[in-house]
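Hi,

Here is the structure I promised to send over. Have a look at it first, and then read my notes below.

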Amino acid sequence: MLRLAADWAGDIPLAERDEDWIRTVEMLLAAFVRVEHDQEFRTATEDGDLPGDETRERTPRLTAAQLPTYEAAELLLALRRTAYPSSRRLEEGPAHPCLSLIRTVLAVLLQADVQRTHPAVRHTAVFRRDLDEVALDHPEAFFGPVLARAVLDVAAADARAGVPLVERTAALVRQVGKADPQLRDRLLAAHLQQLPPDATVGSQEADTWWEKATELLPALLAHRPTPEGARLVDYLHRHCPPEAAAHLHAQLADACGPVPGPKELADYDPSSSGPPPRAWVWVWDWSPVLPAPVLTAWEPVLSLLRRAKPSGPADPRTAEPFVQIMSSLPPAVDETQAAAIAAEHGPAAAADALAAAPDAGDWRYLKVLRALIQNDPVAWTTAPAEITARLTQPRLRAFYLYLATEQVAKRDTFPGNALAEAATTAFAVHRDTDPTANEPPATDPDDDQPSTAHLAEQAMLLLVLFALGTGTDLGDSLPAVLDHLYALTAPLTSPPASPPDDTPPGTIPADFVGTDPAAAHCTASSNTHNTSTLPVTACPPDSSSS
């Protein structure tokens, strides 16, 4: 149901995306963030508090309650584009009436993700990548950097549209600062270095930019450099007006901390004293972007450290590549092999090869099939019944039909009667899939993929509903399909027997993103630019309706 709701939200035209649409997307993405982390379950599993059988039983249920990551990213991209809905480029054209709400929603979603990310891995793994390399339309291992990219994209569009710096960063400062001040400062540095002021034009906004940028220096240099912070420091000292250079150098020197004296240097022996003091290492790491007047006092320290590493420090303006260590071997039939078979003999032959693999049904074939279908979507959606029949392993069938739904709205896919064939085939596979059947053993200890029954149900719902929505004739299968849909929706359309005794009607859930009840609904007196008082700023009234 979450995926159906996400598909509906993505299909709403830009001009029709109102406050209700924004809040719907907010709830869908908030649900994705909650399920993605599920700290209680993960902690219990890591501590050994859950028996093996309970772990295996609950993991598929958690994954089943989650939007696919690529769909969450598409929904986030739709929300970002809604900020300036009348434009080809993000910042061209009039802003959405609920622009301040969009800013706040994005910032609070990022806040929720950061708060659910363990501090031990927050900066060393999850947010390790250069944020300039993160894109909303490219899959990431973690969703937090994608949320951060959306926040930065809207702030950049605001800057080009002339929105003042303090206003366009207010939600970021307020919400992300609650979760992680270090990450807040990194995002501010990223925004400032992305859009520096025109040095040839003096203005109040340029003065504000320099003031905010120099205010960040102590916080940035108190930690190891990030690419965004290093680029900002590099820009500051390279473009600082001559009359302000001495003051900037003094600020940078203060941020680096006290310089060690001769005795402290003489007492340190790299062979016996262990790692150098942390403050020394940080100055070493920052040194490629610090001006010479600041480094002069630190030269004895840098010379000492250079003995251990003659090549010198890495350029902090570029993030070190993040190498992901695979926890399992590749599948018996990988993407390259399967693609070669499909190119020479067709998709049906490739399906035979996948079905004959000794590890057929392993979760890794979800990735293999996705690559095959994305490479040639027309070929893989022309004869869905035949391909499904060739994929004799139940989980492979569910994989294929589930992935085929990603292509359902694209031009030239499912030609002729293929859509009706795919929908009825998916219905048959769903009907014949035993929800209690044992899954193939996981070759990866981190296997938390959805169950076969869940994938089959999702494929059936999406294909059947798309077919019905486009007037596709399902033939003799239609009565059984409708009966099943009625049975599924009956509980959703019937009121509960009695409301919970301890929850008054209309109560907002405690973990809902917009937690302030006072800001839960639009008010006629709301102002678009007022983002400093309430966690969620409502949209102004539509003047066309008055």
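To start with helix 8: how many of its 17 residues are buried? The answer is 15, so helix 8 is largely enclosed by the rest of the structure. Keep in mind that this is a predicted model. From its first C-alpha to its last, helix 8 reaches 25 Å, close to the 24 Å expected at 1.5 Å a residue. Just after helix 8 comes Gly162, with a positive phi of about 90 degrees.

Helix 8 also turns up around a hole. Helix 8 gives the most to the lining, with four residues, while helix 6 and helix 10 each supply at least two. The lining has seven nonpolar residues, no polar ones and three charged ones. Arg103, Asp158 and Arg168 are among the lining residues.

Now for the rings. The whole structure has six aromatic pairs. One of them is Tyr268 with Trp280, which is edge-to-face, at 5.5 Å centre to centre and 75 degrees between the planes. Tyr268 sits in the loop between helix 16 and helix 17, and Trp280 in helix 17, so the pair ties together parts that are 12 residues apart in sequence. Tyr268 is buried at 13% relative accessible area, and Trp280 is buried at 3%.

Trp380 and Tyr400 make a tilted pair, 6.4 Å centre to centre with 50 degrees between the planes. Trp380 is in helix 23 and Tyr400 in helix 25, so this pair links parts 20 residues apart in sequence. Both are buried.

Cheers

Technical notes:
Residues numbered from 1 in each chain as written. Predicted model: local features only at pLDDT ≥ 70, side-chain atom pairs only at ≥ 80, totals over all residues. Heavy atoms only, no water. 1 Å grid on protein atoms, 1.4 Å probe; cavity = no way out; pocket = protein on both sides within 12 Å on 5 of 7 lines; lining within 4 Å. Nonpolar A, V, L, I, M, F, W, Y, C, P; charged D, E, K, R; others polar. Expected span 1.5 Å × (residues − 1). Buried < 20%, exposed > 50% of the residue type's maximum accessible area, 1.4 Å probe, protein only. Phe/Tyr/Trp six-rings, centres within 6.5 Å; stacked < 30°, edge-to-face > 60°.
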